[in-house]
Amino acid sequence: MIQLTNRDPYCLRATLTTLCADTLAAHEILGFLSPSARCFCRKCMVTRAQFRANMNVVAERRTKETFEAHAAQATIPGNSTLTGVKKGCPLHLSTAFDATKDAVFDIFHDLLEGVAHWVVSLALRSFILKDKYFTLSDFNGRISAFNYGVPDIKNKPSANFSEDSLKGSKLKQTGSQMWCLIRVFGFLVANVPEDDKNLKLVNLLQSILLIVFAEAIRPDDITKLERLIEEHHRLFQELHVNNTVNVFDEDENDFGAGRQQIGRRQRVMYKEVKVHARNKLHHMTHLPEEIRDHGNLVRFWCARYEARHQIFSRYGSVCCNFINIVKSMAQMHQLSSLSGLLKTSFRAEDIELQDPLKMPLMSSDHSEILIASGVDPTSIVQAVQAVAIAGETYRSGLFVVINASAPNFALIQNLYFINDKVYLVVVPWRTVSFKCRYCAYEVECEASTHPIVVRHDALGQHGALGPWNPWSKRTVYVAPRTIIF
């Protein structure tokens, strides 16, 4: 019972509506067979043979009633193999929960820990071994030398690509590193022709991620997502699933520029990597439907829980007592959580200032445009080098979105903190066009443009983006993490 001041007590009941888990855990909890089963999907009755024949296939939709019927027949030999259900779902004790509808796919594991790895690995295999646009050593060098900018530097991919990275398998990158690598991939392989089919496959995946990871999605975006996924699967099947044996030449120097060039060339028979259509690719076909049912899937992904692993890894590296290490980790985690609670202000929008310098408004370099924007001339302002707002860092040299509908970008020059608000002095840049091969907007500075003032809560989109340049080119691009509107 809940008692509120000056109100009658009332009973508040909760119910289970959605399950967030990776595929293996979800199948175990819900009562499905393992993901390697013949009927591997918890949303529809597709079989592995049907999926391998057509990656865009969607079979008969599962319902709560058919699931219960299949669970009741699971004890009959052979029935579990035909239906993919091995037992009843204990979560059905909550009458509002439906195991076939309310267990959303985890886009973090499916896309950033699965599909993105395979697409990048197979694309690099084609670029390096078959077409010889560059070598592995070149690609690792480009990863190390690329200027990611302050917002993305902490998630930059590791320059650890080797021969094993070209086999269509999982790469040695974390999920956040793969997200950064997918966004920057076109810039690293700028010498690959724009009509290359493997590059187009990566571009399709980039466009899919822009929509799936967005905090806000329009109905038209869901329709576009369905088309993008269908085109992505069709091209993936054409390039990698239905491909035949390829014969091409390979230099003995292909895997690194550090060895001596031997001069002679070997004629090598190369069989394209045998790629089967995998479960996570099928999960993608259900994403538009899940967005319609549950909303933005980024709010249900497991990345937030995966981030907790880093805390224990860091504690484990400094803990010298390995006797009952679980207890040690629990104690250190409790102390860390308590410290965080004591430091947290619990405001909806935390603002952290870096190197603030107090001064009268009239003494600042931008007093005229600040006054024109409505700031009191008698105010005391703080000029800051950088400011973090709700986890996003703003500093000079980064771009912000000042108009989401166009979109229009502006380069930050200075930042001021006045009366609990952040004012950004920015220079608008002209948006030239959206380049599909980079999945980014080309922007350019116009000499006649003057600085303007924008308050942080009036920006077209929260967060700042670094300027990116294609390899060996000077054109400036802004690559958003999600769709802008």
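Is Lys167 buried, exposed or partly exposed? Select Lys167: this residue is partly exposed, with a relative accessible area of 48%. Here buried means under 20% relative accessible area, exposed means over 50%, and partly exposed lies in between (1.4 Å probe, protein chains only).

Before moving on, note the ground rules. The model is predicted, so local features need pLDDT of at least 70 and side-chain atom pairs count only at pLDDT 80 or more, while totals for chains, interfaces and linings use all residues. Residues are numbered from 1 along each chain as its sequence is written, and side-chain values use heavy atoms, with hydrogens and water left out.

**Stop 1: salt bridges**

The term requires a side-chain nitrogen of Lys or Arg within 4 Å of a carboxyl oxygen of Asp or Glu. Asp164 is partly exposed too, at 49% relative accessible area. By this rule the model has 19 salt bridges.

Next, select Asp152 and Arg481. They form a salt bridge, with the closest N and O atoms 3.8 Å apart. Asp152 lies in the loop between helix H6 (136–145) and helix H7 (175–188), and Arg481 in the segment after strand E16 (476–478), so the pair ties together parts that are 329 residues apart in sequence. Helices (H or I, at least four residues) and strands (E, at least two) are DSSP runs, numbered from the N terminus. Asp152 is buried, at 4% relative accessibility.

Now go to Glu231 and Lys200. Their salt bridge has its closest N and O atoms 3.4 Å apart. Glu231 is in helix H9 (residues 219–241) and Lys200 in helix H8 (residues 197–212), 31 residues apart. Lys200 is partly exposed, with a relative accessible area of 38%.

**Stop 2**

Select Asp102, in the loop between helix H4 (79–83) and strand E2 (103–104). Show the contacts of Asp102 (heavy atoms within 4.5 Å). Leaving out residues up to four places away in sequence, Asp102 touches Thr17, Thr18, Leu19, Lys43, Ala96, Phe97 and His294.

**Stop 2: charges over rings**

The charged end of Lys43 sits over the ring of Phe105, 5.8 Å from its centre. The test is NZ of Lys or CZ of Arg within 6 Å of the ring centre and within 35 degrees of the ring normal. Then select Arg278 and Trp118: the charged end of Arg278 sits over the Trp118 ring, 4.4 Å from its centre.

**Stop 3: helix H6**

Colour Leu136, Phe139, Asn140, Arg142 and Ile143, which are buried in H6. They cover an arc of only 160° around the axis, which puts them on the same side of H6. The arc is that of the directions from the helix axis to the C-beta atoms. The buried residues of H6 pack against helix H5 (107–130) and H7.

**Stop 4: aromatic rings**

Phe139 also belongs to one aromatic cluster with Phe127, Tyr133, Phe134, Phe161 and Phe185. Rings of Phe, Tyr and Trp (its six-membered ring) pair if their centres lie within 6.5 Å; planes under 30 degrees apart count as stacked, over 60 as edge-to-face and the rest as tilted. The count is 22 aromatic pairs. Finish at Phe434 and Tyr441, an edge-to-face pair at 4.9 Å centre to centre and 65° between the planes. Phe434 is partly exposed at 34%, whereas Tyr441 is buried at 14%.
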